[in-house]
Amino acid sequence: MKVLVPVKRVIDYNVKVRVKADGTGVDLANVKMSMNPFDEIAVEAAMRLKEAGRADEVVAVSIGTRQAQETLRTALAMGADRAILVVAADDVHQDIEPLAVARILKAIVDEEQPGLVIAGKQAIDNDMNATGQMLSALLGWSQATFASAVDIDGDAAVVTREVDGGLQTIKVKMPTIVTVDLRLNEPRYASLPNIMKAKKKPLDEKTADDYGVDVSPRLRIVKTTEPQTRKAGEIVGSVDELVVKLKEAGAL
């Protein structure tokens, strides 16, 4: 079985994001970029399936600018067999929207014929949480979202997913789309030998036009603002004063 893993290049989760002075977006100048954390978990899940003998090949895919090659090389260093880069933008500030990504992924799935697509549940830059579901609809495949455990049982995938009431275990017929949550696994670090090997692994470069997909934005960002700063705390002298303060703030 072949496993396809979409990965996205985003601002590293350890970096404090800065908004441009004119409010038109996020400042990406000299900012460290890395693989979306949920996608790292997806790559690790695919690698564990391969190591368990349930998958034969893992293919990583990224859609965006040419700089996403670095992200794909990271996936290859983690163990993916080959990678596909779809150059869909020249400007790093242009975010390819979920529907366009899903359409490109559908075309790649039609070519590659994987038995399983494992993706992060969302990207930490736009928090859309939509690509996996859209891809499932376009392909007509089953889907299992927010996965915290994944196993293969014959021609079905057994997925434990996180819901409001706790955990839900479902069995979905393959081929299927699985989107993963944070508690699924702990991604491995790429060793230096594997980083060197990744440079020799095949990485095919395509464009959105190769798949006949229009990536023109359907959404327009009106304004981007920093989160409101938290007000400084206040020390009170007694419980009675605390109660008064809480009543004034509407907390009681």
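A salt bridge here is a Lys or Arg side-chain nitrogen within 4 Å of a carboxyl oxygen of Asp or Glu. The model discussed is predicted.

1. **Network.** K2, E57, R82 and E112 are linked by salt bridges into a network. Within it, R82 and E57 pair at 2.7 Å, N to O. R82 sits in strand β5 (residues 82-87) and E57 in strand β4 (residues 57-64), so the two are 25 residues apart. R82 is buried, because its relative accessible area of 16% falls under the 20% cut-off.

2. **Salt bridges at R188.** The count of salt bridges comes to 17. One of them joins E44 and R188, at 2.7 Å from N to O. E44 belongs to helix α1 (residues 37-51), while R188 is in the loop between β10 and α5 (192-198); 144 residues separate them. R188 also forms a salt bridge with E51, with the closest N and O atoms 2.6 Å apart. E51 lies in helix α1 as well, so this pair ties together parts 137 residues apart in sequence.

3. E44 is buried, at 3% relative accessibility. E51 is exposed, at 53%. R188 is partly exposed, with a relative accessible area of 26%.

4. **Helix α4.** Which residues of α4 (residues 131-139) are buried? They are G132, L135, S136 and L139. Their arc around the axis is only 100°, which puts them on the same side of α4. Residues three or four places apart point the same way, because an α-helix has 3.6 residues a turn. The buried residues of α4 pack against α3 (98-112), β6 (116-120), β7 (142-153) and β10 (176-180). G140 follows α4 and has a positive phi, near 75°.

Terms used. Residues are numbered from 1 along each chain as its sequence is written. This is a predicted model: local features need pLDDT of at least 70, side-chain atom pairs count only at pLDDT 80 or more; totals for chains, interfaces and linings use all residues. Side-chain values use heavy atoms; hydrogens and water are left out. Buried means under 20% relative accessible area, exposed over 50%, partly exposed in between (1.4 Å probe, protein chains only). Helices (H or I, at least four residues) and strands (E, at least two) are DSSP runs, numbered from the N terminus. The arc is that of the directions from the helix axis to the C-beta atoms. Contact means heavy atoms within 4.5 Å.
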